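The sequence and structure come first.

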Amino acid sequence: MDLHHKAPADLVRMAAHTRELFERLLADALGHQRTLGTCLYASVLCATVINKFTKSHAVVRGGDGDAGGGLFVDCMGYGHYWVEVLADGQVYVVDITADQFGLPPLIVSPLRSLPAKYVNGDQVNVDEAVAELNREIAVDQDLDHMITDPAGTAQGQVCAGCLTPGTIVQGTDE
């Protein structure tokens with residue numbers, strides 16, 4: 001079953017490239033490419049790529065696999081995150097981690113042609129999960145900055161969040 005034949009070519013390309021990138025990230029970070037438990041990370045990455053590099057509009061969707069939506073395969077509900085994309089006036093599901101449920105590793109399909117049932121859960125909860133992940137990413141970036149450039153010399157200034165009590169910074173009176 002070709003799940004991509006009805007989707008815009010640029011959307012399929014971006015989703016496929018994002019899946020390939022995500023597989024490389026998993027291999028580098030974890031030593032494997034299994035997507036189990038990574039759907040929020042993958043969905044945030046995929047939505048960001050689609051929003052940045054196409055004319056489509058992508059939103060992370062998800063559910064808990066129970067009464068709060070989710071992915072339903074053969075009447076079994078699973079907690080899951082995926083991306084919904086508005087492109088050319090039609091809504092598509094883009095799922096780059098569906099393989100964790102025995103589905104193809106990449107799904108880019110109109111809502112009416114899906115191999116499983118995707119049910120949007122409470123969007124407030126989904127948005128909170130996305131926001132929490134984005135905060136974690138920002139904290140990790142701040143920590144990386146603190147490790148690689150503790151005095152802020154690369155940008156010519158010191159990030160107040162990077163200083164710990166007693167830190168001596170060259171070029172200041174502190």
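Helices (H or I, at least four residues) and strands (E, at least two) are DSSP runs, numbered from the N terminus. The model is predicted: local features need pLDDT of at least 70, side-chain atom pairs count only at pLDDT 80 or more, and totals for chains, interfaces and linings use all residues. Residues are numbered from 1 along each chain as its sequence is written, and side-chain values use heavy atoms, with hydrogens and water left out.

**Glu 84**

Strand β4 (residues 80-87) contains Glu 84. Glu 84 has a relative accessible area of 12% and is therefore buried (under 20%; exposed is over 50%, partly exposed in between; 1.4 Å probe, protein chains only). The table gives two polar contacts of its side chain (a pair of N or O atoms within 3.5 Å; within protein, one must be able to donate a hydrogen and the other to accept it, and residues adjacent in sequence count only if both atoms are side-chain atoms).

| Side chain | Partner side chain | Distance |
|---|---|---|
| Glu 84 | Arg 61 | 3.2 Å |
| Glu 84 | Asn 120 | 3.2 Å |

Leaving out residues up to four places away in sequence, Glu 84 touches His 57, Ala 58, Val 59, Arg 61, Val 91, Tyr 92, Leu 111 and Asn 120 (contact: heavy atoms within 4.5 Å).

**Helices α1 and α2**

The axes (lines fitted to C-alpha atoms, for helices over the stretch in contact; angles run from 0 to 180 degrees between N-to-C directions) of α1 (residues 9-30) and α2 (residues 39-53) come within 10 Å and cross at roughly 140°. On the α1 side, the contact is made by Leu 11, Met 14, Thr 18, Leu 21, Phe 22 and Leu 25. On the α2 side, Tyr 41, Ala 42, Leu 45, Cys 46, Val 49, Ile 50 and Phe 53 take part.
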